[in-house]
Amino acid sequence: MLARLIPHPFLSLTLVLVWLALVNKFTLGNLILGSAFGLVIPMLTAAYWPNRPRIGRPLKIAEYVLIVLWDIVVANVQVAMIILFKPEKNIHSHWIPVPVELTSAEAITVLAGTITMTPGTVSATLAADGSCILVHCLHTDDPDAVRDEIKTRYERRLKEIFA
């Protein structure tokens, strides 16, 4: 019964928090309206999510978010240094194929989004069978190191989260 009322608890919670952030004012009315959105929208869209992703270790999500936020800050500084101080002829852009071991579409989407959110890299395309993501890197002298870092820093953690 509870799974029917709240088919996607994380989505419901996210909708409530996003609503409260959008209205930028915490009141009982806004909390009730956000909660109504958090209950109604997942119920209306549940049919479009027949196979919900399994979250194996939900506490790892917080660790992953903190690591990604830190990497975004560091990458912003690195990209700024490249743009401001590195001559154009010394910038070595590369297309890097990153083999993907993740099987869930949601996990692959989070990985591709993480790569794109980190300045200096962007997910360009995904192989039709989901086995490889083509990543463009603004500057690197070692494309294999970039690939290995994506796999160990992000994909390994996502495998734990979506286990």
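Mentor: Buried means under 20% relative accessible area, exposed means over 50%, and partly exposed is what lies in between. Also keep in mind that this is a predicted model.

Trainee: OK, let me try that out. Is Glu101 buried, exposed or partly exposed?
Mentor: Glu101 has 48% relative accessibility, so with exposed set at over 50% and buried at under 20%, it counts as partly exposed.

Trainee: And which residue does Glu101 form a salt bridge with?
Mentor: With Lys159; the closest N and O atoms are 2.5 Å apart. That pair links distant parts of the chain, with Glu101 in the loop between β1 (94–99) and α5 (105–117), and Lys159 in helix α6 (residues 143–161), 58 residues apart. Lys159 is partly exposed too, at 36% relative accessible area.

Trainee: How many salt bridges does the structure hold?
Mentor: It holds 10. One of them joins the side chains of Lys151 and Glu155, at 2.4 Å from N to O.

Trainee: Where do Lys151 and Glu155 sit?
Mentor: Both are in helix α6, 4 residues apart, so about one helical turn separates them.

Trainee: What about Lys60, what does its side chain meet?
Mentor: The side chain of Glu63, in a salt bridge of 3.1 Å from N to O. Lys60 and Glu63 both lie in helix α4 (residues 59–85), 3 residues apart, about one turn of the helix. Glu63 is partly exposed, with 29% relative accessible area.

Trainee: Which residues are linked with them in a network?
Mentor: Lys60 and Glu63 are linked with Arg156, Arg157 and Glu160 in a network of salt bridges.

Trainee: Switching to rings. How many aromatic pairs turn up in the whole structure?
Mentor: A search finds 2. In one of them, the rings of Trp19 and Phe37 have centres 5.0 Å apart and planes at 75 degrees.

Trainee: What kind of pair is that, stacked or edge-to-face?
Mentor: Edge-to-face, because the planes are at 75 degrees and the cut-off for that class is over 60. This pair links distant parts of the chain: Trp19 is in helix α2 (residues 9–23) and Phe37 in helix α3 (residues 28–45), 18 residues apart. Trp19 is partly exposed at 22% relative accessible area, and Phe37 is partly exposed at 31%.

Trainee: And which residues make the edge-to-face pair at 6.3 Å?
Mentor: Tyr64 and Tyr154, with that 6.3 Å running centre to centre and 75 degrees between the planes. They link distant parts of the chain, Tyr64 in helix α4 and Tyr154 in helix α6, 90 residues apart.

Trainee: Are these tyrosines buried or exposed?
Mentor: Tyr64 counts as buried at 6% relative accessibility, and Tyr154 counts as buried at 7%.

Trainee: Last topic, strands. In what sense do β2 and β3 pair?
Mentor: Antiparallel: β2 (residues 121–126) and β3 (residues 132–137) pair over 5 bridges. The bridge partner of Thr125 in β3 is Leu134.

Trainee: Which residue in that hairpin takes a positive phi?
Mentor: Gly130, with phi near 75 degrees; the hairpin has 5 residues between the strands.

Methods. Residues are numbered from 1 along each chain as its sequence is written. This is a predicted model: local features need pLDDT of at least 70, side-chain atom pairs count only at pLDDT 80 or more; totals for chains, interfaces and linings use all residues. Side-chain values use heavy atoms; hydrogens and water are left out. A salt bridge is a side-chain nitrogen of Lys or Arg within 4 Å of a carboxyl oxygen of Asp or Glu. Helices (H or I, at least four residues) and strands (E, at least two) are DSSP runs, numbered from the N terminus. Buried means under 20% relative accessible area, exposed over 50%, partly exposed in between (1.4 Å probe, protein chains only). Rings of Phe, Tyr and Trp (its six-membered ring) pair if their centres lie within 6.5 Å; planes under 30 degrees apart count as stacked, over 60 as edge-to-face and the rest as tilted. Two strands pair if DSSP finds at least two bridges between them.
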